[in-house]
Amino acid sequence: MNLLTVENISKSFGERILFEQLSFGINKDQKIALIAKNGTGKTSILNILSGADAPDSGKVNYRKGIRTSFLEQEPDLDPKLTIEETIFASDNEVLRVITRYEAALENPEDADAYQSAFEDMERFGAWDFETQYKQILSKLKLEDLKVKVGLLSGGQKKRIALANALINRPDLLILDEPTNHLDLEMIEWLEHYFAKENMTLFMVTHDRYFLERVCNEIIELDNGTLYPYKGNYSYYLEKKDSRMEQEATELHKSKQLFKKELAWMRRQPKARTTKSKSRIDDFQTIKDRAGKRRNEHEVQLELNMARVGSKILELHKLVKSFPGIPILDKFDYTFNKGERLGVIGKNGTGKSTFLNILTGSDTPDTGKVIVGDTIKFGYYTQKGITIKEGQKVIDVVREFGDFIPLMKGRQISAQQLLERFLFDRKKQYDFVDKLSGGERKRLYLCTVLIQNPNFLILDEPTNDLDIVTLNVLESFLLDFPGCLIVVSHDRYFMDKIVDHLFVFRGNAVIEDFPGNYSDFRAYEDSTLIESRIEKEKQQESKTPKKSWKEDTSKSKLSYAEQKEHKQLEKDIQKLEFKKGEIEQQFVTGDLSPENIAELSKALKEIADGIETKTERWFELSAMIEG
């Protein structure tokens with residue numbers, strides 16, 4: 001079933017043409033990724049599909065009645081609302097039903113309103129929906145729903161917008177870099193969620209593992225033409241190589257034919273016959289085909305790296321904490337030459353603080369950081385480039401000099417250097433604030449590398465970079481002879497670049513793991529499996545064994561018991577919800593001693609009810625299994 005059709009859309013900004021005459025469709029249950037270089041209009045296409053922007057020409061046709069949700073890179077949320085108000089402000093009928101039910105719970109004396117709300121919860125299947133959306137909020141670490149949006153970080157706002165998009169369960173979900181600002185645990189959960197859910201997705205993402213495991217179709221925008229690939233990322237890479245080989249073969253044949261026809265044309269043939277006239281008319285088409293060039297420029301990275309002495313970087317007894325958040329506790333480490341370290345951990349465990357301490361932009365509470373005399377840091381931060389009003393691209397590089405030293409005594413002009421980073425002469429005189437997110441990151445990477453560091457620290461370098469640039473950056477870093485520290489949620493990138501990991505567990509616990517990210521995940525998964533098996537063995541040893549006679553004595557459920565079994569599931573869910581509400585009041589409420597006593601009594605009654613109903617549910621479940 002077709003949900004959306006794009007017909008011949010074009011978009012330009014002034015003289016700059018992003019794309020022309022693009023057409024494609026999106027069908028139900030497709031999970032499509034759009035791949036293109038930075039600055040070629042990926043975000044503009046998403047904005048047009050979502051209705052946030054309009055094409056200069058062409059149109060987008062939506063199937064009547066479909067709901068779409070759009071996750072922007074930088075969500076625009078009302079700062080005055082709380083997280084909960086933001087979520088319930090969305091146009092979702094089931095959420096409105098839940099809102100009415102929660103309001104009825106707060107006014108139990110209005111029996112009619114409660115009965116109506118309860119019946120609506122049943123009719124719309126809101127009990128299950130409520131469980132799902134609370135699970136989504138939990139997985140995205142949005143526990144304190146009373147916090148104002150204006151007090152949140154950019155990453156937290158992105159997670160709220162993602163939660164809203166998932167909770168609304170649209171017919172078509174459009175996503176712009178959905179994994180940005182998520183920690184690895186959240187990314188893997190989201191990956192699993194999209195892979196198993198029957199959802200229609202259209203996304204832009206640089207996360208190649210995400211592309212591999214979620215998407216079933218890839219559309220590539222290359223030199224103004226769309227190429228569809230019916231498969232995941234591996235299939236795309238394989239088929240793109242085949243396409244490039246075929247194009248090269250066809251171009252070679254076109255050039256050979258052009259030479260032949262050019263020789264014929266130079267003999268100045270007269271169009272005396274229909275055949276001669278047709279051949280002359282075809283000559284221009286052959287000439288255009290033979291002269292077609294691929295714009296296959298890649299970023300060229302080069303460093304004139306300073307010599308590295310015997311002493312690199314030493315950390316002695318580092319202690320660092322913020323109120324209630326310990327980051328480092330007497331941490332010791334000595335870096336060796338050529339060290340390639342990855343840093344992983346949940347958001348808020350202190351990864352960026354750790355990097356700031358290494359580079360001197362933050363200080364430890366106690367302890368010493370000793371930097372070798374020859375060490376020159378290159379620090380690529382999450383904040384990115386600082387945009388100055390009226391500054392052009394060329395001005396950013398000229399702050400470091402009109403000529404930049406390269407290896408073996410060579411030098412390069414600021415203009416030539418920018419061309420290596422895919423900023424042509426015209427683009428170099430664009431204002432920095434007009435660049436796309438990926439182009440800004442590429443320019444920022446340029447400013448870090450031209451300072452010729454021998455100790456590179458990269459904090460989320462892959463965000464907003466296109467896949468072509470990522471591949472070039474990976475190749476450069478594999479050959480980089482200095483020390484390297486990478487903080488990244490891009491698992492593919494980490495697997496290729498690092499030799500070992502610092503795993504930030506929180507509460508100042510940092511583990512040194514000898515391997516890349518996939519090695520770490522395999523180790524963690526095996527540890528979890530072993531732990532689960534051990535628990536099951538312990539449980540089995542405690543549970544008295546029953547004979548086959550006892551097992552066969554079990555009866556199947558009657559119709560009344562089947563009905564009771566289903567009702568118990570609903571009752572337990574409702575009690576769990578009420579329990580959560582009361583527990584939340586203990587956390588957030590300003591309670592009097594009388595209120596505390598009353599709520600404690602209610603909490604005990606609910607807990608007893610859950611225990612009784614759960615025991616009965618297990619009893620009936622065992623009868624079903626028998």
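Okay, let's start with two helices: α4 and α5 are roughly perpendicular to each other, where roughly perpendicular covers angles of 65 to 115 degrees, under 35 counts as roughly parallel, over 145 as roughly antiparallel, and the rest as oblique. In numbers, α4 (residues 111-123) and α5 (residues 126-139) pack at about 75 degrees, and their axes are 6 Å apart. Axes here are lines fitted to C-alpha atoms, for helices over the stretch in contact, and angles run from 0 to 180 degrees between N-to-C directions. Helices are DSSP runs of H or I with at least four residues, strands are runs of E with at least two, and both are numbered from the N terminus.

Before I go on, this is a predicted model, so local features need pLDDT of at least 70 and side-chain atom pairs count only at pLDDT 80 or more, while totals for chains, interfaces and linings use all residues. Residues are numbered from 1 along each chain as its sequence is written, and side-chain values use heavy atoms, with hydrogens and water left out.

On confidence, pLDDT is the predictor's own score for each residue, from 0 to 100. The protein chain averages 83, and 86% of the residues score at least 70. Residues 546-555 are below 50, and that stretch has 5 contacts in the model beyond near neighbours in sequence; contact means heavy atoms within 4.5 Å.

Back to the helices. From α4, Phe118, Met121 and Glu122 meet Ala126, Trp127 and Glu130 of α5. That contact splits into 4 nonpolar, no polar and 2 charged residues. For the classes, Ala, Val, Leu, Ile, Met, Phe, Trp, Tyr, Cys and Pro are nonpolar, Asp, Glu, Lys and Arg are charged, and the others, Gly among them, are polar.

And what does α3 do with α5? Helix α3 (residues 93-106) packs on α5 at about 100 degrees, with the axes 10 Å apart. That makes α3 roughly perpendicular to α5. On the α3 side we have Val94, Leu95, Val97, Ile98, Tyr101 and Glu102, meeting Ala126, Trp127, Phe129, Glu130 and Tyr133 in α5. By class, that contact has 9 nonpolar, no polar and 2 charged residues.

Now the sheets. Inside, β12 (residues 340-345) and β18 (residues 483-487) pair in the parallel sense over 4 bridges, and valine 343 sits opposite valine 487 in β18.

β1 (residues 2-13) and β2 are antiparallel over 8 bridges, with phenylalanine 13 opposite arginine 16 in β2.

Last topic, charges. A salt bridge is a side-chain nitrogen of Lys or Arg within 4 Å of a carboxyl oxygen of Asp or Glu, and by that rule the count is 37. Take glutamate 84 and lysine 146, whose side chains meet at 2.8 Å, N to O. Glutamate 84 lies in helix α2 (residues 83-88) and lysine 146 in the loop between α5 and α6 (154-167), so this pair ties together parts 62 residues apart in sequence.

Note on methods. Pairing = 2+ DSSP bridges.
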